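Here is a short report on a protein fold. It covers the chain as a whole, then its sheet.

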Amino acid sequence: MNALHTRLAALAAEHGLVDVAYRTIDTPVGPLLLAATETGLVRVAFEREDFDTVLESLAQKISPRVLKAPRRLDTAAAEIDEYFAGHRHVFDVPVDYPLSSGFRQVVQRYLPRIGYGRTQSYKEVAELVGNPKAVRAVGTACATNPLPVVVPCHRVLRTDGSLGGYIGGLDAKTTLLELEKAA
C-alpha cells in the first residue's frame, strides 16, 4: 500500500496535480507537520494544532489539491533535523507566505533577522519594523506565524524577559531557546 501511495504521489506531482505537499517529522518538540507549495515551505504545525485541522485549513486557504508527498519536503525536513542537532543556525529552504498578509507578514519576514541564540522583545520588533506602537500587533503576528521554528517567532519575548505565548506551547518555546543557548 505504501508503494502504491508513493507511486500515485509521484504521478500526481509529475502532472502538476499537487498544490500543497505535506509530511510529518519527529523532533525534540514533538511531531511537526511540514507543508509546501511549489514556491516553498508554507506551513509548519505542531501536533497540538491538530494536523487534520491544519490540512483542512490549507485546503480551504490555498488549494484543495493537498497530498502527502514527502519528497517535496526532503530539504525542509533535513534542515529542521540539522537545526535540532545544533548544526544549522539559519534556514535556507524557500518559504511561501500566502497565509499571512499586511503587518503580520512584515513582522514574519523580519523574524529571521533575529540571530540564532538571540532574542528581542515584542516592543523592539515593533520599533525595528517601523511601527513602535504596534507591540500587540507584533504579538499577534508571532502567535499566527504559519512557519514556527523556521521563521523564529520563539526568539521574541516580553519586555520583562518572560516568554509570552507560543503556538507550540511554552515547553516547546523553552526547548527551542535552550537548544539555541547551548550551541
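The report below starts with the basis of the values.

## Basis

This is a predicted model: local features need pLDDT of at least 70, side-chain atom pairs count only at pLDDT 80 or more, and totals for chains, interfaces and linings use all residues. Residues are numbered from 1 along each chain as its sequence is written, and side-chain values use heavy atoms, with hydrogens and water left out.

## Whole chain

The protein chain holds 7 helices and 6 strands. Both are DSSP runs numbered from the N terminus: helices are H or I with at least four residues, strands E with at least two. Their order from the N terminus is α-β-β-β-α-β-α-α-β-α-α-β-α.

Of the 183 residues, 45% are buried (under 20% relative accessible area, 1.4 Å probe, protein chains only). The accessible surface is about 9,700 Å², and carbon and sulfur atoms account for 50% of it; areas come from the Shrake-Rupley method with a 1.4 Å probe. Take contacts (heavy atoms within 4.5 Å) between residues at least 6 apart in sequence: 61% join residues at least 24 apart.

## The sheet

An open, mixed sheet has 4 strands in the order S3-S2-S1-S4. Strands S3 (41-46) and S4 (66-68) are at the edges with a single partner strand each, so one side of each lacks a neighbour in the sheet. The twist from one strand to the next averages 25°.

S1 (residues 20-25) pairs with S4 in the parallel sense, over 3 bridges; pairing requires at least two bridges found by DSSP. Val20 has Val66 in S4 as its bridge partner.

## The helix across it

Helix H2 (residues 51-61) lies across S1, S2 (32-36), S3 and S4. H2 runs at about 155° to S3. Such angles run from 0 to 180 degrees between N-to-C directions, with axes fitted to C-alpha atoms, for helices over the stretch in contact.

Technical notes:
Buried means under 20% relative accessible area, exposed over 50%, partly exposed in between (1.4 Å probe, protein chains only).
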